[in-house]
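Visitor: Can you walk me through this one? Keep it quick, please.

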Amino acid sequence: MDDHRAVRTLYSGSSDLFNMNEATIEDTIPKDRPLIAPLAPMGVLRAEYENGNQVFVQQIDWLVNNGYKGIRRTRGDGDCFYRSLAFAYVERIMNSEDVDLNVMRAISTLEATPQMLLEVGFQELVFEDFLDIFKDLITRIVQPEPGRSRLTGRVLFDTFNNAEESNSIVMYLRLLTSAQIRLAPEDFAPFLFHPEIGEPMETVSFCENFVEAVGKEADHVQMTALTRALKINVNVAYLDGHARSDGVVTVDFVKFDNATEPEEPISLLYRPGHYDILDSKDQEDLTSLDPLW
Amino acid sequence: MSTNCRRRLIRDFKRLSTDPPGGVSGSPCPDNIMLWNAVIFGPADTPFEDGTFKLILTFDESYPTKPPTVKFLSRMFHPNVYANGELCLDILQNRWSPTYDVAAILTSIQSLLHDPNPNSPANAEAAQLYRENMKEYVRRVRATVEESWLDPDEQEKMKEDGEDGNAS
């Protein structure tokens, strides 16, 4: 949790900039955006900032020069962190070299989680369907169900744009995040603040209001808890419109390193109030037909 | 209809019928599992005591990732209930989570009855009386309690009579 304070200070003292960025994001992220969009070159995002804050433009260029050539955007519905993370998590397993091993690791991690949810008092009937949808999707990478195709980029994309399946996975991650926070209150309690009024909050109240509730945006605490529960590494690039004091423009990454074995992190892009997925590729082929096994 | 939604509603019903929380009841309409009738009994030691308030819950296939819409059929006098019976309750709006089932929704509404939130008034008059004139607030609530015992036709007639009375 060391970098929590660092993140807070990153935004304080520049509310105008924050508001400006908020306004830009509201303009550019319409509510009818798909839950998950196809991969697009960073130039698309850059074009939206060209007439605005030039530091944003330079930060986008910095990301491209450092290998982040593509962006996969998500709907700005408050679930975007969980949805981005879930999509990138499954996609990375699907595209990994040792698919069998990584599917097995993910499934065994997920199969240990219901115990956490039960321990903090969630009823099985509340979460079992959500977990089944998530596990089935990952299992389909190696083992298609009878009559259904193996998981491909296209199937993954369609699944995450199907509101029922997509929101079920988001909900499971919310409940898992909540369970992780409730199970380690001593780790999280000092960081539980009301996101609007900044007052300290009790663990249960924080979880009910800002973790379990649909559409409530994730902040550092939720991200720490979820990466810990899933045992993954996530890097979040903060596009904040700030140049360093010496005028040099870079992008700060906040790293959540909770993988138990060495692995490449999932990369997300944060602009105040919204998360998208970063990618080293700038396009994908979604036209391919599902190969039936 | 989505399988998840149906399965969840069936389990909500099982829970509500085998382990019912005190003072609430509910069940799906015989020909439509997406439409539920419910009754909340006014909590003891509150002005709502002895009332049998009827509600209707409408689910769509996004349940349980989205909340149902909930509406009182009985006429209510309460700071957080609109004239059309819709209510202002955080868990049904911006604080929804699938951890709430039908039983939890109904008990939350029941506790809202004796613990109104005057900061988000849906009925300004009720909110004002609740704050400033408890005696009159109680009198107005008691009138809705008595109405709640009547069957819906009689209630409808009383509403009409009431409106005529106001007009003359």
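Guide: Start with chain B, which has an open four-stranded sheet in the order S1-S2-S3-S4, paired antiparallel. Strands are DSSP E runs of at least two residues, helices are H or I runs of at least four, and both are numbered from the N terminus. Two strands pair if DSSP finds at least two bridges between them.

Visitor: Which are the edge strands?

Guide: S1 (24-29) and S4 (69-72) of chain B, each pairing on one side only. From one strand to the next the twist averages 25°. Axes are lines fitted to C-alpha atoms, for helices over the stretch in contact, and angles run from 0 to 180 degrees between N-to-C directions.

Visitor: What packs on the sheet?

Guide: H1(B), which touches S1 and S2 of chain B. Its direction makes about 30° with that of S2(B). Contact means heavy atoms within 4.5 Å.

Visitor: How many bridges join S2 to S3 in chain B?

Guide: Seven, between S2 (residues 32-41) and S3 (residues 52-58). B:Val39 has B:Lys54 in S3(B) as its bridge partner.

Visitor: What are the ground rules here?

Guide: This is a predicted model: local features need pLDDT of at least 70, side-chain atom pairs count only at pLDDT 80 or more, and totals for chains, interfaces and linings use all residues. Residues are numbered from 1 along each chain as its sequence is written, chains are lettered from A and ligands numbered from 1 in the order written, and side-chain values use heavy atoms, without hydrogens and water.

Visitor: New topic. How many cavities of 30 Å³ or more are there?

Guide: Three, from a search of the whole structure. A cavity is a set of points, on a 1 Å grid over the protein atoms alone, where a 1.4 Å probe fits but cannot get out; lining residues have an atom within 4 Å of a point. Points are joined across faces, edges and corners, and a volume is the space filled by probe spheres set on them.

Visitor: What lines the second largest cavity?

Guide: A:Leu125, A:Val126, A:Asp129, A:Phe130, B:Asn4, B:Arg8, B:Arg11 and B:Pro64. The second largest cavity holds about 40 Å³ of space. H8 (124-139) of chain A gives the largest share of its lining, four residues. H8(A) and H1 (3-18) of chain B each supply at least two.

Visitor: And aromatic pairs, how many over all chains?

Guide: The count is 19. Rings of Phe, Tyr and Trp (its six-membered ring) pair if their centres lie within 6.5 Å; planes under 30 degrees apart are stacked, over 60 edge-to-face, the rest tilted. A:Phe206 and A:Phe210 form a tilted pair, 6.1 Å centre to centre with 50° between the planes.

Visitor: Why are those two about one helical turn apart?

Guide: Because A:Phe206 and A:Phe210 are four residues apart in H12 (residues 203-210) of chain A.

How values were computed:
1 Å grid on protein atoms, 1.4 Å probe; cavity = no way out; pocket = protein on both sides within 12 Å on 5 of 7 lines; lining within 4 Å.
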